[in-house]
Amino acid sequence: MDHNLQAKISRRIAKDSAMKWLFGSAAAILVAVIAFLFYGIGADGVDRLNLSFFTNFGSRFPEKAGLKAALVGTLALMAVVIPVSMFIGLCSAIYLEEYAPKNKWTAFIEMNISNLAGVPSVVFGLLGLTVFVRAMSLGNSILAAGLTMSLLILPIIIVASQEAIRSVPDALREASYGMGATKWQTILHVILPSAIGSILTGSILSFSRAIGETAPLIVLGIPVIVQFLPTGPLSTFTALPMQIYDWAKRPQPAFADAASAGIIVLLIMLVTMNAFAIYFRNRSEKKLKN
Amino acid sequence: MTTTLVRNDKETQFRVMKNENWQKPVYETNGLNLWYGTAHALKNIDLSINEKEVTAIIGPSGCGKSTYLKTLNRMVETVGGVTISGNVTFMGNNILGKSMPVELLRSKVGMVFQKPNPFPKSIYENVAFGPKIHGVRNKAILDIIVEDSLRKAALWDEVKDRLHKSAYGLSGGQQQRLCIARCLAVDPEVILMDEPTSALDPVSTHKVEELIRSIKNDVTIAIVTHNMQQASRISDRTAFFLNGEIVECDRTSTLFSTPTDERTDDYINGRFG
């Protein structure tokens, strides 16, 4: 046995296990951060999670403060964001993938949509302030905030839907056109049923981003202490991230506990939505596997 | 409206066929030229496809045989930059003009592709797809069409207990026969087959060939194939394509036994291709 070769191989094996430790510890840092976050928030906030926390409005007194208005406000906001962004986003993606000619213009538009996904949310807040709050005189209403949030997540929905539509094999389009189906029939009966899982996955992830976004709401001038439930789309409201932000910056330590409890509620909503997203992704992957 | 026109045409042609006792071409191609951008893919093609016959189109890769087949249902235009000149008529109707919508043409001309491409739906929904998009809503009628088509495709006994299971659970050969059943469900005049067995094992290939033989009394078939034994086994007439031109077209038995062109002789005897 060549002694030299043996030494080389031992070195390679040592390097191999060193790399394993490097990658493992990188992942461990992330797990540690998440564990620390959950522990810190959980320890502070879990005591506040009782029924009155959900049924009380905001208050000057930390022990009376609840997130009723914020929770209902966030749900109302989503009731605007989900239909508006899904409708415009899905229709745009279908146009770009199935109808638009493949030329420089389309490529230019698609590139701009991808770039929009990277624009900071505060910029969308300013856009919403100019267009919806002031020019269209919607004020700091659910509708104005919902439309702003829809603009914010539209690029993500469009890009995710385009990818989902593109991943439907061309063989299925050929089969459908070959049967004499029109473009719309092909989209409705072949492409969308195959792509809808991935479209929902991308959309739900972007909805959870809209739920957590704070900056645009601050720019739009959404109030924090609201003592009534919204009465309609033009009603003033507050939302979970605004409420948490307000509690977190108050000096009394008891408000910090309320903020932690609010974060737990927000995280539970996000984790639930992401679980749905994963479920839809797995289901659609299984369906398209031939 | 247009559908009735075509149906009437078909009846007229049946009468002509009976009276004169000759095979009326379903498709007539005259002086067909096709370019992909500047590449001249089909050069001056003259070819007829006769009713209730199996026409095989053979030739080496890149000879234009698939392009020709896809011209017959205008699927060739789905890739951009295609220019076509010349005449192609289907049952007397010019299919290259605007007078016939591709949806109508394709409801009369089915296509089977190289790789089986069932939809990610149930077996039943795959077969019912064509009738449904052409407006059949009645569940009882759909049930009859589905069973009838699957029986014609010799697949009924294999799938009757799992009609509502995914078509992706079928083997490759079964999937291809399902695709043929899907075509049969709209009662087409012609089925175009683009190397339908090239992705299949020999046993599945044999079953598809059996199926072609059993449906050729009801439907005209044009089949592109790489496999010359297959062409000689199942076809009535064979056209040999080379570099975008038709070198020779004749009765299959004649073409394979006494080809008139030296290049045909070379190709069918495996000296190139």
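Two residues are in contact if their C-beta atoms, placed from the backbone, lie within 7 Å. The exercises below apply this criterion and others to a predicted model.

**Exercise 1. The interface between the chains**

Determine how many residues of chain B are in contact with chain A, and describe the side of chain B that is involved.

*Solution.* 
Step 1. Counting contacts across the two chains gives 19 residues of chain B and 17 residues of chain A.
Step 2. On the side of chain B that touches chain A, three elements each supply at least two residues: helix H3 (102-108), strand E6 (109-112) and helix H4 (123-133).
Step 3. Sorted by class, this side of chain B holds nine nonpolar, seven polar and three charged residues.

**Exercise 2. The domains of chain A**

State how chain A is divided into domains, and characterise the contact of domain 1 of chain A with domain 2 of chain A.

*Solution.* 
Step 1. Domain 1 of chain A covers 3-48, and domain 2 covers 51-288.
Step 2. The centres of these two domains of chain A, taken over C-alpha atoms, are 34 Å apart.
Step 3. Six residues from domain 1 of chain A and eight residues from domain 2 of chain A take part in the contact.
Step 4. The side of domain 1 of chain A that touches domain 2 comprises two nonpolar, one polar and three charged residues.

**Exercise 3. The span of a helix in chain A**

Compare the span of helix H8 (residues 183-212) of chain A with that of a straight helix, and locate the bend.

*Solution.* 
Step 1. At 1.5 Å a residue, a straight helix of 30 residues would span 44 Å.
Step 2. Between its end C-alpha atoms, helix H8 of chain A spans only 38 Å.
Step 3. A bend of about 55° lies at Leu192(A) in this helix. A proline, Pro193(A), follows within four residues.

**Exercise 4. The overall form of chain B**

*Solution.* 
Step 1. Along the principal axes, the C-alpha atoms of chain B fill a box of roughly 55 × 45 × 45 Å.
Step 2. Chain B contains eleven helices and ten strands, and 44% of its residues are buried.
Step 3. Of the contacts in chain B between residues at least 6 apart in sequence, 69% join residues at least 24 apart.

**Exercise 5. Leu200(B) in its surroundings**

Decide whether Leu200(B) is buried or exposed, and list its contacts beyond four places in sequence.

*Solution.* 
Step 1. Leu200(B) belongs to the loop between strand E7 (190-194) and helix H8 (202-215) of chain B.
Step 2. The cut-off for a buried residue is 20 or more other C-beta atoms within 10 Å. Leu200(B) has 20 such neighbours and therefore counts as buried.
Step 3. Its contacts, leaving aside neighbours within four places, are Gly172(B), Gly173(B), Gln176(B), Thr205(B) and Val208(B).

Technical notes. Residues numbered from 1 in each chain as written. Chains lettered and ligands numbered in written order. Predicted model: local features only at pLDDT ≥ 70, side-chain atom pairs only at ≥ 80, totals over all residues. Domains from an automatic or database assignment. Nonpolar A, V, L, I, M, F, W, Y, C, P; charged D, E, K, R; others polar. Expected span 1.5 Å × (residues − 1). Bend = angle between axes of the 7 residues up to and from the residue. Buried ≥ 20, exposed ≤ 12 C-beta atoms within 10 Å, placed from the backbone.
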